[in-house]
Amino acid sequence: MNPKAIIKEILEKNDIAHVVFVGCGASKADLYPAKYFLDQNAQKLSVSHYTSNEFNYATPALVNENTIVITASLGGTTPETVEANAVAKAKGAHVVSLTRSEGSPLTKDADYVIIHGFAENYAAKLEKTGYALQLAVELLNQTEGYAHYEDMQDGFDKIYELSQQSALSARKEAKLFAEQFKDEDVIYVMSSGATHEVAYSTSVCLMMEMQWINSGTFHAGEYFHGPFEITDKDVPFILLMNDGTTRPIDARALTFLERFDAKTAVVDGLDYGLSSIIEKSVIDYFNPFVITAVFRVYAEELAKARQHPLTKRRYMWKLEY
Ligand SMILES: N[C@@H]1[C@@H](O)[C@H](O)[C@@H](COP(=O)(O)O)O[C@@H]1O
């Protein structure tokens, strides 16, 4: 079933007052644009976003038959996300799960399953984010109404191709980035708006997990409330810049980084032509797609330059924990 039909069917059963997004690591971060969209646009729906075990151990009181719980797990086996489905179902919530693994444990307690791509190309890696956002848009439109619904549909029609092409065009810049940053012991990552948790997953997954590089991450607005004290010549930062409402937040951070000659890699939605194909009314929500696709190429080049494959682990899938 597609997101529109899923939301329609749920609304035929119950009124929906709450939506809760649940996942771990990149799968948590990939749900963030949908949460951000609803935060920005919903007048009545309440919205929250949890790492799975926080949801399991401290389940919010509002999880009931008037709640949709949207979970995501790429492999469909992350135990705490599988458990989140059981917790949500036991409370009577409507459970929608996003995974690329048909028949995986995650699907057991899910009322609805959406299977997404991943490995096929750079665009496929964005499908999880896209389906979550589509579910959010449908929920808003079918409950409260949403004035820019058509602009969003148009965006969904175009964003995958743009992101794929953007990633393919980024190889040269990515190689430069890799050469410049390959010997760094620590790299800080920041962004704002719907891209805020792309910065988070870039830091915790691509830097720490997949490259074993120390990293910290914070909202670009928070940079001025602590982190900027470590800014100095050649201190390494990655700034994921949005082409949209929160650009002034990112730009303010960039100005400060440049003022003190920090070593700054910028991936900017503006450079990839987002505004030429996406309506201004909804552009904020599509920045994470293009920036995620482009930064994947940066991470691949960093891995090559450091001779540390993105797949290398010492604990994950090797130990019980
Ligand atoms: N690099 C990934 C994480 O980013 C991922 O989110 C987590 C959970 O995996 P899954 O999405 O399969 O639940 O596993 C690894 O850590």
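**Salt bridges, domains and buried side chains**

D30 and K128 are both buried; buried means under 20% relative accessible area, exposed means over 50%, and partly exposed lies in between (1.4 Å probe, protein chains only). The model is predicted, so local features need pLDDT of at least 70 and side-chain atom pairs count only at pLDDT 80 or more, while totals for chains, interfaces and linings use all residues. Residues are numbered from 1 along each chain as its sequence is written, and side-chain values use heavy atoms, with hydrogens and water left out.

Salt bridges were examined next. Side chains of opposite charge can pair when their charged atoms come close. A salt bridge is defined here as a side-chain nitrogen of Lys or Arg within 4 Å of a carboxyl oxygen of Asp or Glu. The count by this rule is 18 salt bridges. One of them joins D30 to K128, with 2.9 Å between the closest N and O atoms. This pair links distant parts of the chain, 98 residues apart. D30 sits in the loop between α2 (25–29) and α3 (32–41), whereas K128 belongs to helix α6 (residues 127–143). Helices (H or I, at least four residues) and strands (E, at least two) are DSSP runs, numbered from the N terminus.

D39 forms a salt bridge with K35, and their closest N and O atoms are 2.7 Å apart. Both residues lie in helix α3, four residues apart, or about one turn of the helix. D39 counts as partly exposed because its relative accessibility is 37%. K35 has a relative accessibility of 15%, so K35 counts as buried.

K263 lies in strand β9 (residues 263–268) and E184 in the loop between α8 (171–181) and β6 (186–191), so the pair ties together parts that are 79 residues apart in sequence. K263 is partly exposed, with a relative accessible area of 21%. E184 has a relative accessible area of 19% and is therefore buried. Elsewhere, salt bridges that share partners join R171, K175, E300, E301 and K304 into one network.

The domain assignment was then considered. Domain bounds come from an automatic or database domain assignment. The assignment gives domain 1 (3–146) and domain 2 (161–306). Their centres, taken over C-alpha atoms, are separated by 26 Å. Domain 1 gives 20 residues to the contact, and domain 2 gives 22 residues; contact means heavy atoms within 4.5 Å.

The size of an interface is often given as the accessible area lost when the parts come together. Buried area is the accessible area (1.4 Å probe) that two parts lose on being put together, summed over both. Between domain 1 and domain 2 the buried area is about 1800 Å², and carbon and sulfur atoms give 70% of that area. Y36, Y122 and L126 supply 39% of the area that domain 1 buries against domain 2, more than any other three residues. Between the two domains the count is one salt bridge. The side chains of E197 and K28 also meet in a salt bridge, at 3.0 Å from N to O.

F37 is in helix α3. F37 is buried, as its relative accessible area is 0%. Leaving aside neighbours within four places in sequence, F37 is in contact with L133, A136, V137, L140, Y146 and Y285. T81 is found in helix α5 (residues 79–90). T81 counts as buried at 1% relative accessibility. Beyond four places in sequence, the contacts of T81 are V22, G23, C24, S52, T71, A72, S73 and L106. Y149 lies in helix α7 (residues 149–169). Y149 counts as buried because its relative accessibility is 11%. With neighbours within four places left aside, Y149 is in contact with K4, V137, E138 and N141. Y149 and S281 are 132 residues apart in sequence, and their C-alpha atoms are 10.0 Å apart in space.

The surface also holds a nonpolar patch, formed by Y315, L319 and Y321. Together these residues have about 410 Å² of accessible area. Patches are made of residues with over 30% relative accessible area and no salt bridge; like charges are joined within 9 Å, and nonpolar side chains (Val, Leu, Ile, Met, Phe, Trp, Tyr) within 5 Å. Accessible areas come from the Shrake-Rupley method with a 1.4 Å probe, and for residues only the protein chains shown count as cover. L319 lies in the segment after α12 (287–305). L319 is partly exposed, with a relative accessible area of 49%.
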